[in-house]
Amino acid sequence: MILYPAIDLYEGKAVRLVRGDYNQMTVYNPDPVDQARRFLDEGAQALHVVDLEGARDGATPNFPVVERIIRETNLPLQVGGGVRSFEVIEKYLSAGAARVILGTAALTDPAFLQEAAARYGEKIAVGVDILDGRVAIRGWTEVTEKRAFDFMRELVSAGVRTVICTDISKDGLLGGANIALYRDMAARLPLQLIASGGVASLGDIAALTRLGLYGAILGKALYTGGVRLRQALELVRKLEKEAAP
């Protein structure tokens, strides 16, 4: 399982929200590139970066920061937030991003989703943000009537392989990941699942590793010191070694 330290960008700073609420924002590092280097020093193998302004408004105001993170860490980086056109996909991939995450546009523009999946393959992922079983879009400011499992089955049909699934009710609260949700998804959906939201302890990371998930995103727990990245990486390696035939 790949662990992705998260860097959420707002006005050029590394921040965290509580349950996607832009009014509950904490700045953890005014220099996201410095934050990325810290994660690199702790052994990070990949990064998860989201442009929160882009997610809400549909632009890429933090693109220069993303570009610098890629250039100065040389880590595989998956990036999302405001990706609603082929131009933006190309912009991030040309800057060196390993994977680009579609969010709102994946639901509102099925033709765009299908063409993106066909054109870019593994370099495309979809972020499925869930609140009370339904998909939220536009930086979590709008909850649709689309049921999450129905949407994810549509993603499979469209040729999507990788999905980042966030349980909004857990995000930023350090209350623990929704293990039952990810267990259900792993059993029912032929997808590379990346768990996000509420991962607060080594116990959460162990449980997600045992599910055989593709990845997990670590956010607030890293910033508050509840989880140390180096320890988390060692735990995943240990559990996967024990599980190997």
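Below are questions and answers on helix packing, cores, strands and backbone angles.

User: Before we start, what kind of model is this?
Analyst: Local features here rest on a pLDDT of at least 70, and side-chain atom pairs count only at pLDDT 80 or more. That goes with the kind of model this is: predicted.

User: At what angle do α7 and α8 pack?
Analyst: Two packed helices are described by the angle between their axes and the distance between the axes. Here α7 covers residues 148-158 and α8 covers residues 179-188. Their axes are 12 Å apart, and the angle comes out at about 35°.

User: Which residues of α8 make the contact with α7, and how many of the contact residues are charged?
Analyst: On the α7 side, the contact uses Phe-149, Met-152 and Arg-153. The α8 side supplies Leu-181, Asp-184, Met-185 and Arg-188. Sorted by class, there are four nonpolar residues and no polar ones, and the number of charged residues is three.

User: What is the handedness of the α1 and α3 crossing?
Analyst: Helix α1 (residues 32-41) packs with α3 at about 30°, with the axes 9 Å apart. From α1 come Pro-32, Val-33, Ala-36, Arg-37 and Leu-40, meeting Val-65, Arg-68, Ile-69, Glu-72 and Thr-73 of α3. By class that contact has six nonpolar, one polar and three charged residues. As for the crossing itself, it is right-handed.

User: Which elements do the buried residues of α9 pack against?
Analyst: Start with who is buried: in α9 (residues 202-210) that is Asp-204, Ile-205, Ala-206, Leu-208 and Thr-209. An α-helix has 3.6 residues a turn, so residues three or four places apart point the same way. The partners of the buried set are β1, α8, β11, β12 and α11.

User: Which residue follows α9 with a positive phi?
Analyst: The phi in question is near 75°. The residue that has it, coming after α9, is Gly-212.

User: How many residues are in the largest nonpolar core, and how many in the second one?
Analyst: In soluble globular proteins, nonpolar side chains tend to be buried together. The largest core has 77 residues, and Ile-89, Leu-102, Met-185, Ile-205 and Leu-208 touch the most other members. A separate core includes Ala-6, Ile-101, Ala-125 and Ile-194, and its residue count is eight.

User: What is Ile-205 in contact with, beyond its neighbours within four places in sequence?
Analyst: Ile-205 is one of the buried residues of α9. Leaving those sequence neighbours aside, its contacts are Met-1, Leu-3, Val-199, Leu-218, Val-227, Ala-232, Leu-235 and Val-236.

User: Are the residues of β6 buried or exposed, and what is the bridge partner of Gln-78 there?
Analyst: In a regular strand the side chains alternate between the two faces of the sheet. In β6 (residues 99-102), Arg-99 and Ile-101 take one side and Val-100 and Leu-102 the other, and all are buried. Strand β5 pairs with β6 in the parallel sense over three bridges. The β6 partner of Gln-78 is Arg-99.

User: Is Glu-11 buried or exposed, and which residues is it in contact with?
Analyst: Most residues other than glycine have a negative phi, and most peptide bonds are trans. Glu-11, in the loop between β1 and β2, has a positive phi of about 50°. With exposed meaning over 50%, its relative accessible area of 53% makes it exposed. Beyond neighbours within four places in sequence, its contacts are Glu-53 and Asn-62.

User: How far apart in space are Glu-11 and Asn-62?
Analyst: In sequence, Glu-11 and Asn-62 are 51 residues apart. C-alpha to C-alpha, though, the distance is 7.1 Å.

User: What is the relative accessibility of Asn-74?
Analyst: Asn-74 is found in the loop between α3 and β5. Its phi is positive too, near 60°, in a residue other than glycine. Asn-74 counts as exposed, and its relative accessibility is 68%.

Methods:
Residues are numbered from 1 along each chain as its sequence is written. Side-chain values use heavy atoms; hydrogens and water are left out. Axes are lines fitted to C-alpha atoms, for helices over the stretch in contact, and angles run from 0 to 180 degrees between N-to-C directions. Helices (H or I, at least four residues) and strands (E, at least two) are DSSP runs, numbered from the N terminus. Contact means heavy atoms within 4.5 Å. Ala, Val, Leu, Ile, Met, Phe, Trp, Tyr, Cys and Pro count as nonpolar, Asp, Glu, Lys and Arg as charged, and the others, Gly among them, as polar. Buried means under 20% relative accessible area, exposed over 50%, partly exposed in between (1.4 Å probe, protein chains only). A nonpolar core is a set of buried Ala, Val, Leu, Ile, Met, Phe, Trp, Tyr and Cys residues joined through side-chain atoms within 4.5 Å. Two strands pair if DSSP finds at least two bridges between them. A crossing is left-handed if the near helix is turned anticlockwise from the far one by less than a right angle, and right-handed if clockwise.
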